[in-house]
Amino acid sequence: QVQLVESGGGLVQAGGSLRLSCAASGSIDSINAMAWYRQAPDKQRELVAAMHSGGSTGYADSVKGRFTISRDNAKNIVYLQMNSLKPEDTAVYYCKLGLYTDYRLRYLELWGQGTLVTVSP
């Protein structure tokens, strides 16, 4: 069984920084795809950042140059470093991982539980 646990959210002033973590545990053979999404009140969930196992990354225009997605392969942790935060970044942030388990016989797409980021003016 594979689980994802997110951490790192909180309250920060505009211009500040936070680092979100998404730790995967269990029987994991490899993580192929990693992404962070966010959902603000009364808005649809949107893709913020993504990374493929080969290292290529992509970002929403609204966060380019401010957010960075990265991973620790040894620990199966994916990070989202968020700098120069703005009030409009306030949302619940979710990680999503695509990974192989059971000796690469199963491919799972899993969501974290979400972590709230609040940016005050």
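**A tyrosine and the salt bridges**

Reply: This is a predicted model. Setting aside neighbours within four places in sequence, Tyr94 is in contact with Glu6, Ala35, Trp36, Tyr37, Gln39, Arg45, Trp111, Gly112, Gln113 and Gly114. Tyr94 sits in strand β9, which covers residues 91-101. Its relative accessible area is 15%. The cut-off for buried is under 20%, so Tyr94 counts as buried. Val5 is 89 residues away from Tyr94 along the chain, yet 10.0 Å separates their C-alpha atoms.

Now the charged pairs. Side chains of opposite charge can pair when their charged atoms come close. The model has six salt bridges. Three of them follow here.

Arg38 pairs with Glu46, with the closest N and O atoms 2.7 Å apart. Arg38 is buried, at 6% relative accessible area. Glu46 is partly exposed, at 34%.

Arg66 and Asp89 form another salt bridge, at 2.8 Å from N to O. This pair links distant parts of the chain, 23 residues apart. Arg66 lies in the loop between β6 (57-59) and β7 (67-72). Asp89 lies in the loop between β8 (77-82) and β9. Both Arg66 and Asp89 are buried.

Arg106 and Asp102 also meet in a salt bridge, at 3.1 Å from N to O. Arg106 is partly exposed, with 43% relative accessibility. Asp102 is partly exposed too, at 30%. As for shared partners, salt bridges join Arg38, Glu46, Arg66 and Asp89 into one network.

Definitions and conventions: Residues are numbered from 1 along each chain as its sequence is written. This is a predicted model: local features need pLDDT of at least 70, side-chain atom pairs count only at pLDDT 80 or more; totals for chains, interfaces and linings use all residues. Side-chain values use heavy atoms; hydrogens and water are left out. Helices (H or I, at least four residues) and strands (E, at least two) are DSSP runs, numbered from the N terminus. Buried means under 20% relative accessible area, exposed over 50%, partly exposed in between (1.4 Å probe, protein chains only). Contact means heavy atoms within 4.5 Å. A salt bridge is a side-chain nitrogen of Lys or Arg within 4 Å of a carboxyl oxygen of Asp or Glu.
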